[in-house]
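Trainee: I have a new model open and would like to talk it through with you. Could we take it step by step?

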Amino acid sequence: MKSTITLLMLTMLGLAGCMTTREARVDSDYSYRGNFRHYRTYDFVTGTGLTSDSSRLGQSLREAIQQRFLAQGYRKASRRPDMLVNFRVYEGDMNFHGFQQEDLSQWIKRNIEENDDTPKEDRQGYQPVRLLLAEGTLLVTLIDVKTNRAVWNGYASGVTVPEGPMGEIVLKRSVRSILDRYRVFTEEFANGNVSPSGGDTER
């Protein structure tokens, strides 16, 4: 009887997870000035809110992001990182201004990053899109430390975070879905020259 109850509980948790994933809308956009080929290290934004949250939910988000970045060759650096990672959960509906763009990986392959010297006629135009993200949104933002500009946004809507362990599962699954949109490996890792370390490092 005990095993039957346990199986039933696991099945219900699995169904709840599937429902959360199925209802979520996941998308991303990026800056044409992002220097994505040269980012190798990152750290998290510190301050108030969830990014500095020492609770289990805040820690779960950081761990999920670290695991994904580690798998793509990025190292966490407490001094002079290339990128800062910010994340936030918004409750309820949210009006969001995004952009209609080609896949980030394809854009990087075309090697057409922009900078202040790029002639106006050669710059890519942004096609704004207004979105209504419903029933809770997890937003992950990558910031170029050198320029202090946000270079990538990834978001999942329909994210309802329940109390307890299920909340951690929902957030980790949402992070994985969001970062599936950021399939950018460091050059060294892509070429097999570096085996990334999971620990914090200095530059």
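Mentor: Gladly! Keep in mind that this is a predicted model. Let's begin with a pair of residues: tyrosine 32 and tryptophan 107 are both buried.

Trainee: What kind of aromatic pair do tyrosine 32 and tryptophan 107 form?

Mentor: The search of the whole structure finds 16 aromatic pairs. In the pair of tyrosine 32 and tryptophan 107, the rings are 5.6 Å apart, centre to centre, with 50 degrees between the planes. Stacked needs under 30 degrees and edge-to-face over 60, so the pair counts as tilted.

Trainee: How many residues apart in sequence are the parts that this pair ties together?

Mentor: Look at where each partner sits. Tyrosine 32 lies in the loop between β1 (25-30) and β2 (41-44), while tryptophan 107 belongs to helix α3 (residues 104-109). The pair therefore ties together parts whose separation in sequence is 75 residues.

Trainee: Which elements do the buried residues of α2 pack against?

Mentor: Helix α2 covers residues 56-71 and reaches 22 Å from its first C-alpha to its last, close to the 22 Å expected. Its buried residues include Leu61, Ile65 and Phe69. Those buried residues of α2 pack against β2, β4 (83-90), β7 (137-144) and α4 (165-179).

Trainee: And the largest pocket: which residues lie nearest its centre?

Mentor: That pocket has a volume of about 390 Å³. Its lining divides into 4 nonpolar, 6 polar and 9 charged residues. Of the 19 lining residues, those nearest the centre are Asn35, Tyr39, Asp144, Lys146 and Thr147.

Notes
Residues are numbered from 1 along each chain as its sequence is written. This is a predicted model: local features need pLDDT of at least 70, side-chain atom pairs count only at pLDDT 80 or more; totals for chains, interfaces and linings use all residues. Side-chain values use heavy atoms; hydrogens and water are left out. Rings of Phe, Tyr and Trp (its six-membered ring) pair if their centres lie within 6.5 Å; planes under 30 degrees apart count as stacked, over 60 as edge-to-face and the rest as tilted. Helices (H or I, at least four residues) and strands (E, at least two) are DSSP runs, numbered from the N terminus. Buried means under 20% relative accessible area, exposed over 50%, partly exposed in between (1.4 Å probe, protein chains only). The expected span of a helix is 1.5 Å times one less than its number of residues. Contact means heavy atoms within 4.5 Å. On a 1 Å grid over the protein atoms alone, a cavity is a set of points where a 1.4 Å probe fits but cannot get out, and a pocket is an open set with protein on both sides within 12 Å along at least five of seven lines; lining residues have an atom within 4 Å of a point. Grid points are joined across faces, edges and corners, and a volume is the space filled by probe spheres set on the points. Ala, Val, Leu, Ile, Met, Phe, Trp, Tyr, Cys and Pro count as nonpolar, Asp, Glu, Lys and Arg as charged, and the others, Gly among them, as polar.
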